[in-house]
Amino acid sequence: MVAGTLAAGALALSLTGCGKNVDPTERLGNKATPNPSSPTPSASTTGPAAAPGGGQGGGQGGASDEAYKKWGLTAPLQYAPKPAQKPQIPKAAPGKVPVIDRIPLPAGEKTVFLTFDDGAEKDPEFLKMAADLKLPISMFLTDSVASSDYGHFEKLRDNGSASTVNNHTLTHPNLRTLSFEAQKKEICGQQDKLEKRFGQRPPFFRPPFGNYNDDTLRAASECGVSSVLLWRVSMQINNFQYAQGSTLQPGDIILAHFRGPSELKGATETQMTTRMLQRIQEQGYRIGRLEDYL
């Protein structure tokens, strides 16, 4: 991985909270492969990955048997149980934190992870959806857009799914353009705000646009961050965009955003999320809680 850029191509985030007055799809770097226009193999072909023991209910709290129908799915979601042992992550150099863009999993384990960024959209229907389905979401919040209603994200955290709140800077700058001290202010400042508001210092940090350098990794370490989290798959309005290949891979960290109709060309946050979950099911994957693996 080249410092400062996601290994398979940095994502130029372009929606509210990630840039303004631009098209609402993210763009991948030169190595990226666009999502094919042809549909992904259906669940009837691949079959959803069954959780150990045949469990089909919600991940942390247990979604009701009928919740999936309410939110436009044709089958219950599959959730990965907490692993008996966490995967080994390569250690970072002294004074820095590791950068993770995919979770190493045992062969044959088809699990992916949900992350949502920024916090500009605060849709109460999405709160109902996430609670009904018990979606384990790792939130990466930017103070400048999320702080107008941190209570919204507190409800998402406390809905029984064991979702978590993490750091996405104070103002969403391109950190590679800032000095070490300015980066530290962005990262530590949001660490302090989130700790004060939510009662816990976030363990994970995601740099805006996926852009970082050595100063970022040093600043994150000094701010009490344990890992920098990137991604290899991003959810657009209807389909995934991949940084490698044209399908999900085991351990993929999926990037989505808290976005509304003005950024999603009329679609709602819940509609986008339903499509994302459908794509996960179509490819035979189950959903894991990121924090259980790190």
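Reader: Does K128 count as buried, partly exposed or exposed, and at what relative accessibility?

Author: Good place to start. This is a predicted model, and in it K128 has 44% relative accessibility, so it counts as partly exposed. The class follows from two cut-offs, because buried means under 20% and exposed means over 50%.

Reader: Which side chain does K128 meet in a salt bridge?

Author: The partner is E125, with 3.0 Å from N to O. E125 is partly exposed too, at a relative accessible area of 34%. Both belong to helix 3, and because they are three residues apart there, about one helical turn separates them.

Reader: What caps the N-terminal end of helix 3, and what follows the helix?

Author: D123 is the cap: one of its side-chain oxygens lies 2.9 Å from the backbone nitrogen of E125. After the helix comes K134, with a positive phi near 55°.

Reader: Which residues of helix 3 are buried, and what do they pack against?

Author: The buried ones are F126, L127, M129, A130, A131 and L133. They pack against helix 2 (67–70), strand 2, strand 3 (137–141), helix 5 and helix 8.

Reader: Let me turn to aromatic rings. How is a pair of aromatic rings described?

Author: Over the whole structure, a search finds seven aromatic pairs. Take F116 and F126: their ring centres are 5.3 Å apart and their planes stand at 45°, so this pair is tilted. F116 sits in strand 2 (residues 111–118) and F126 in helix 3 (residues 124–133), so to speak two distant parts of the chain, ten residues apart, are linked by the pair. Both F116 and F126 are buried.

Reader: Why is the pair of F153 and F258 edge-to-face?

Author: Look at the angle: the planes of F153 and F258 are at 70°, so the pair is edge-to-face, with the centres 5.1 Å apart. The reasoning needs one cut-off, because planes over 60 degrees apart count as edge-to-face.

Reader: Where do F153 and F258 lie?

Author: F153 is in helix 5 (residues 150–157), while F258 is in the loop between strand 9 (253–257) and helix 8 (269–282), so their pair ties together parts that are 105 residues apart in sequence. F153 is buried, at a relative accessible area of 0%, and F258 is buried as well, at 1%. Ring pairs also join F116, F126, F153 and F258 into a cluster.

Reader: Which rings have an arginine over the face?

Author: Among them is the ring of F140, where R206 lies over the face at 4.5 Å from the ring centre. Another is the ring of F198, with R197 over its face at 5.4 Å from the centre.

Reader: How many salt bridges does the structure hold?

Author: There are 18. D117 lies in strand 2 and R206 in the loop between strand 5 (204–205) and helix 7 (214–222), so the pair ties together parts 89 residues apart in sequence. D117 is buried, with a relative accessible area of 0%, and R206 counts as buried at 0%.

Reader: What about E109 and R286?

Author: Their side chains meet in a salt bridge at 3.7 Å, N to O. E109 lies in the loop between strand 1 (99–100) and strand 2, and R286 in strand 10 (residues 286–288), so this pair ties together parts that are 177 residues apart in sequence. E109 counts as buried at 16% relative accessibility, and R286 counts as buried at 9%.

Reader: Finally, how do the side chains run along a regular strand?

Author: In a regular strand they alternate between the two faces of the sheet. In strand 4 (residues 164–167), T164 and N166 point one way and V165 and N167 the other, and all are buried. Strand 4 pairs with strand 3 in the parallel sense, over four bridges.

Notes
Residues numbered from 1 in each chain as written. Predicted model: local features only at pLDDT ≥ 70, side-chain atom pairs only at ≥ 80, totals over all residues. Heavy atoms only, no water. Phe/Tyr/Trp six-rings, centres within 6.5 Å; stacked < 30°, edge-to-face > 60°. Buried < 20%, exposed > 50% of the residue type's maximum accessible area, 1.4 Å probe, protein only. Lys NZ or Arg CZ within 6 Å of the ring centre and 35° of its normal. Contact = heavy atoms within 4.5 Å. Polar contact = N/O pair within 3.5 Å; in protein donor to acceptor, adjacent residues only side chain to side chain. Salt bridge = Lys/Arg side-chain N within 4 Å of Asp/Glu carboxyl O. Pairing = 2+ DSSP bridges.
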